[in-house]
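Here's a quick walk through a model with several chains. Have a look at it first, and then we'll go through the contacts, the domains and a few strands.

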Amino acid sequence: MSLRPTQSSNYDLVAAGIKRNLLALVRAQEQVSSGQRILRPSDDAVGTSRGMSLTRQRANVDAHLSSVTSIQPVLATSTTELENASGLLTEARALVLQAMNGTLSDTDRATVADQLDQIAESLFAIGNTKFGDRYLFAGSETSKPPFVDQRRGVEGYVQYQGDTNQQQVAIGRDSTVDINLPGNQVFGGDQYRATAYTGQTGIANGDDANYGKGYMRLFLRTDTVTGANVGGLAMGTAGGTSILGSHVLQVNGADGTAQLGTGPTKLIPTPPPANFTLVDEDGSVAVLDFSGWTGGFVTTTLVGEGSISTDGTTYNPFDRNSTNIQVTDPSTGNMLHVDGTGVHRAGSELVVFQGATNVFDTIRGIASDLRSGDSLGASSQTTNLNLRLDELTQGQDRLLNSLGKLGARYERLNSSETRLRDLSTQLAGLKSEVMDVDLASAVLELQQAEQTLQLTQATGARLMQQSLLNYLG
Amino acid sequence: MATLGLDIGLRGLRAAQTALDTVGHNISNANTPGYTRQRVDLDTSHPTRMRGLLQGTGVETDGIRRITDALLNKRIRSQVSVYQGLDVQLQGMSRIEDMLSEPGGNGLGALFDGFFSSVAGLSANPGDSVLRNSMVQSASSMTDEFQHLSTEISDARSQNLQELQYRTGEVNRLANSILNLNQEIAQAEASQVPANDLRDRREQELRSLSEQVDVSFTEQGNGAILVSVSGRVLVGSQRVHELSVESNPQGEPELRIDGSNVPVQVSGGQVGGLLRFRQEFLPTLEAKLDKLARNMILEVNRAHSTGTPESGGFTLLSGTQPVAGANTNERLAQLVRSAGLPFDVQEGRLYVNMTNAATGEVRVDSFAIDPNNMTVQGLLQSLNGVEHMNAGLDSLGRLNLTADSGYRFDFSARLDSNPNDYSTLGGGRATIGTAAHGPYGLSNGGTLSLQGPLGSSTVTFQSSDFADIQNASAQEIADVINSDAGMNSSGLRAVAVGDRLVLQSQNEGSSESIAVMGGSMLSALGLSAGTLAGGNDNSVQVEAFGRYTGSENRTLYYEPVGDGVIGTTPGLQIRVVSADGSPVAVLDVGEGYVPGTRLSVGEGVEVSFGYGELSGSTGETFKQDWIADSDSSDVLVAFGVNSFFDGDSAGTIEVSQALQSDPNRISYSGSGASGDNGALRRILTLQQASVDGLGASLGDYYGQVVGDVGFRISTTQSATAVAESLVQSLDARREEVSGVNVDEELVNMVRFEQAYTASARYIQTVQQLNDTILSII
Amino acid sequence: MSAVLPQEHAVLNHLMVWLREEVDQQVRRKRALTDLCTAMSQPDPQGCEAVLERVHQEESRSRARETKMRTIFQALGKLWGVSPKVLTLRSIAERAGSLGAEILELREALESIVREVGMEAKKVSATARIHRSVILEVLNTLFDSAAGDPMEEQGRLLDAEA
């Protein structure tokens, strides 16, 4: 029978104890130096899952936060630009009112026109502002300039080639913010309400609905006049006849005067001229050939027929008896239905698709109206300017509206930023509770572990000695 | 004698006395023939006194000692197997745990966060090429980590195999040693020489063997110990039957004995532990990481493949996933469902947008995909059916798509801004639409007679013109009419508007007119004889605006109610209905409506109508697709078309090569507009949204995987600690120096029995009390 | 943080005292179990008996302590209008206003020590069981019987295998 020495059993137990305590010491050291309570998933499986979930949540919040901070400058820039634009519109408006008070000379008016053109240029540049590599006022088509200067038709025509969609950025799990504005809603209207005319020629809206944007011109021209060949009279050969529809001509053989409609009575010169100009009260002109006048009383109705053009070049005859004449501007696609029955003279009409004009066209249109001077006749120019001014006012309102929207978005971003930062901090705190070590208690544990280890080692050493003595003795 | 507080009384010791008495009886009467050994019931009390009957008899003392030793050794060996088995698994698992580098900030979790952060950054400024680069970089860092984890697991596997082979060698070495010792012991004891040293050495070897495998032992009469593993003999009476590691048909290692084909089941010892680690822990983790990678690829690619890059579309796209199959014909004839693609193609619909680069006009086409009935060839045909699209398979079996010159395509969920294709509503052409929706139940030989601007004609429908004439599609019927000479020369044509057939004059203008004359198929088509339609000089311009915000794909039809002029006729309306006829909206376009004004139809969609004439009585209509998911079949993901990630597992996931070489190709736009970021926003939602395939978000699933590993390790740790302490205490037990006095030995044993019983009762009490505590925690 | 009513304060104080006592008791229990385990491993039946004797005295107050706990919970339940059965230390801490933080700390300490006691108990059970079965086997071999294990049906001896 062999003896089994006791010291080996003691040794095993002591060694196991030392190993345990050493592990505890190492662990405590790791915790203190890393600040982490959970160093490995096996330290606390539930805590690990929870801590990781919190970390992921926080990262999501931080991602949204970085989105918010990166789009704040975009909104800030848009706001600044629109504020500038608003200032320019105010300036433009003041200039227009000045020009309309009637005391300016031609040169002055030309100067104002130049200034207005410059304002339009500046606004156009603002409309095409870029931030980095994207256009701010293009809706979601940010890689091409939203406004292009088409200069189609007689009226300048700035076309919008962006879209009306929003560029959205996520600022939370279920919330997004729009970071851009569609330019056609900022600098122009895209919802037209009604059609307005200068009214010079007597043309008006017809039966069917109109469809279009911006401004349009209608040029009415007199082609033929009938009813003049009475009493030796005939139409003159010189140009200038602009009557349309029925105008009564009265020639007084007794006092040698002639009157067109309700216009001024004019004394017929001697000898009677081949081209005698009579003007009706509405400003329409009839040039008559009096050279064959018999000298007697003449009462006749002159009827002028004519044609309409949208560009002043291509004319199409129109039916003065139709209440539904369709006129299409081929360069813009704008379509009008006009009533021809009230047309009484030739001339040019400014047609406004109210609510669907942009500020660039409006201001340039005003400038060109001013330059064309009195050729329109002071009252029709005033009418034109008033129509455009209405649109300018609308434009200012829209711009201010857009600024309001931007302001609201900016507010929202700021409050989102605060909320997200708070949430991030909160999540960090929660995670810290789960994962981080309480330094004070960790250090304490470390000290205890060290003490225990020393104690175990000392005890172990004593036991060893004891056993050895037993064995020897 | 001390009293044990909880349970022990005098009775216990009396029971001990009885036991001794009986033993004494048994041994002293061992040679009496016919004497039967008595059983001892420890709880019975017999008043007898202790008699030191067994003192001084050295053999008996030795015998009891040896019985105790033998039983203890048996226990120790099996406990050693359990402990070593657990320990080796714990080591393997811990190494893997280290590799995960969680929950510290260096694992896959932080790289997820980095990826999503870069997506968020780019979504706020999709045009910035530095941010695009950043997104590709972050994505690559993440895929690198996936691959790294996958490689580590493979490495663990090969290390595991090496260990297995080494340990198996050890087993065989130990077995041989035991065999030799068996022979020596048998020899010695046959010649009455004590063989205690040999026995001790053999015990060491047996213990070492138990550390490697869980074995069972049988002691022979001659002192030899036979060893078997899982019922198969390892150390026999004559020779050793060696253990070896072989590969099974799946390429996984299996243990064999003596080269037999039947595998040996080892569940304990280091070998058992290594096998369990390899067969349970590693595959489970690997499968979960693969599942995570797959779902990441699937979800991100779903968003990216239906996105558009800055260029607004593609002139050439190659898929990255080849269709399986050796030769070309086989490939083409395969059903899409079984084409060997890593992701499944579902039943659904694919929308294709074709943009005319010069005019910017976009045509939206779509076709249905049924993977159970469509072959690869069929898919190519459908793709080729899209105007200006060309589709084929390259030599490796990958899908190749090109657009005709001057065109580009994309698969984004666009809202068609000009839905009135062919101007079938308020257009210049004379138009008559069928009241019924397809498919139409025609019959062979059925007729339709129409009057066109240039003459009349009757078309006859043959079965050969249709896949199934009783379910004739609008497109099929339109094709028949358009290829009919008579119809052509009468100045007629037909188009399919969604699933409805619409007849038109070929030219525009108010002088055009068409009429329905007759025919046997009138009611099947929903046409009435005598219906007359004239052309218009004006064509109504229909424009759509906005973005569809709903979650389901829908097709809507716009139908005028009555006839009239837009913006002019009082009360003129357009009804918007679903394909099944259920109403969606009613739009007022009569007097008071300013043509060109945007009307809200619903769910983010607006439509405007220009000036023109509408004729509801002749069935004018157009269809509009509201697309939420432009590829509900996942066919693009399956073929790897316009993918962001390629691969299908943790080991193969990578950012697409095309994007790595040019990050400016990222398809960030969801609507096709260059400033839209819809695809990126969709990817960003993956950070927190639950993914169908995982039942949790990507991040949370990963957290569960890591938590799982942690949990397995911590439970194994406590099991190992307990097992280790058991081994130690059993070893300590065996080391005791006692038993010289047999009486004392037996008394000790019985005393122990009762101490254990008392301890058990104590523990039971403790646990009851602590259960109560835990319930209030 | 909500104010704590005086009646609540008194009861909560009792609770905290009880918690501290309970933690101490658990620490002693753990030490006893560790000592028991060591004694069993030697093996040292006298040592086992000594520990069990020591423990007997300490545990004599266990039932009383349990009753005290129930009384405190009932009092809190009555004060707050909830069934004592649904109260937990965590939910009590939430209602405890300014005392909540300290209660949570004590709760944490208690939870941690109870789990450690559980672990030790597991070890002791496993050790006891394995040694007991060795002894039974020896005795059964000596008396050539296959006696049933009268202890098997009683108590809950936890297995060593996880």
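A salt bridge here is a side-chain nitrogen of Lys or Arg within 4 Å of a carboxyl oxygen of Asp or Glu. By that rule, one salt bridge crosses the interface of chain B and chain A. It's made by D113(B) and R56(A), whose closest N and O atoms are 2.9 Å apart.

Some ground rules before going on. This is a predicted model, in which local features need pLDDT of at least 70 and side-chain atom pairs count only at pLDDT 80 or more, while totals for chains, interfaces and linings use all residues. Residues are numbered from 1 along each chain as its sequence is written, chains are lettered from A and ligands numbered from 1 in the order in which they are written, and side-chain values use heavy atoms, with hydrogens and water left out.

**Two interfaces**

Back to chains A and B. Taking contact as heavy atoms within 4.5 Å, 67 residues of chain B touch 61 residues of chain A. The size of an interface is often given as the accessible area lost when the parts come together. Buried area is counted that way here (1.4 Å probe, summed over both parts).

The contact between them involves 20 residues of domain 2 of chain B and 23 residues of domain 3 of chain B.

| Interface | Buried area | Share from carbon and sulfur atoms |
|---|---|---|
| chain B and chain A | about 5000 Å² | 50% |
| domain 2 of chain B and domain 3 of chain B | about 1900 Å² | 74% |

Which three residues supply more than any others of the area that domain 2 of chain B buries against domain 3 of chain B? They're F116(B), R132(B) and V136(B), with 32% of that area. R132(B) also meets E310(B) in a salt bridge, side chain to side chain, at 3.3 Å from N to O. The count between domain 2 of chain B and domain 3 of chain B is one salt bridge.

**Strands and sheets of chain B**

Helices (H or I, at least four residues) and strands (E, at least two) are DSSP runs, numbered from the N terminus. Two strands pair if DSSP finds at least two bridges between them.

Start with a hairpin: β4(B) and β5(B), with five residues between them and a positive phi of about 85° at G251(B) in the turn. Five bridges tie β4 (residues 243-247) of chain B to β5(B), and the two run antiparallel. Across the pair, S244(B) sits opposite R256(B).

So is β5(B) buried or exposed? Buried means under 20% relative accessible area, exposed over 50%, and partly exposed in between (1.4 Å probe, protein chains only). On that scale, five of the five residues of β5 (residues 253-257) of chain B are buried. In a regular strand the side chains alternate between the two faces of the sheet. P253(B), L255(B) and I257(B) lie on one side of β5(B), with E254(B) and R256(B) on the other, and both faces are covered.

Next comes an open sheet of four strands in chain B, ordered β14-β13-β17-β18 with antiparallel pairing. Its edge strands, each pairing on one side only, are β14 (455-461) and β18 (532-534) of chain B. Seven bridges join β13 (residues 446-452) of chain B to β14(B), and Q451(B) stands opposite S456(B) there.

Another open sheet in chain B has three strands, in the order β19-β25-β24, again with antiparallel pairing. Here β19 (542-546) and β24 (598-602) of chain B are the edges. β19(B) is joined by five bridges to β25 (residues 605-609) of chain B, where V542(B) has F609(B) as its bridge partner.

**Chains C and A**

Chain C has five helices and zero strands. Of its 162 residues, 50% count as buried. Among the contacts in chain C with a separation of 6 or more, 67% are between residues 24 or more positions apart.

Finally, T418(A) is found in helix α6 (residues 378-435) of chain A. T418(A) counts as partly exposed because its relative accessible area is 47%. The C-alpha atoms of T418(A) and L218(A) are 57 Å apart, with 200 residues separating the two along the chain.

Technical notes: Buried area is the accessible area (1.4 Å probe) that two parts lose on being put together, summed over both.
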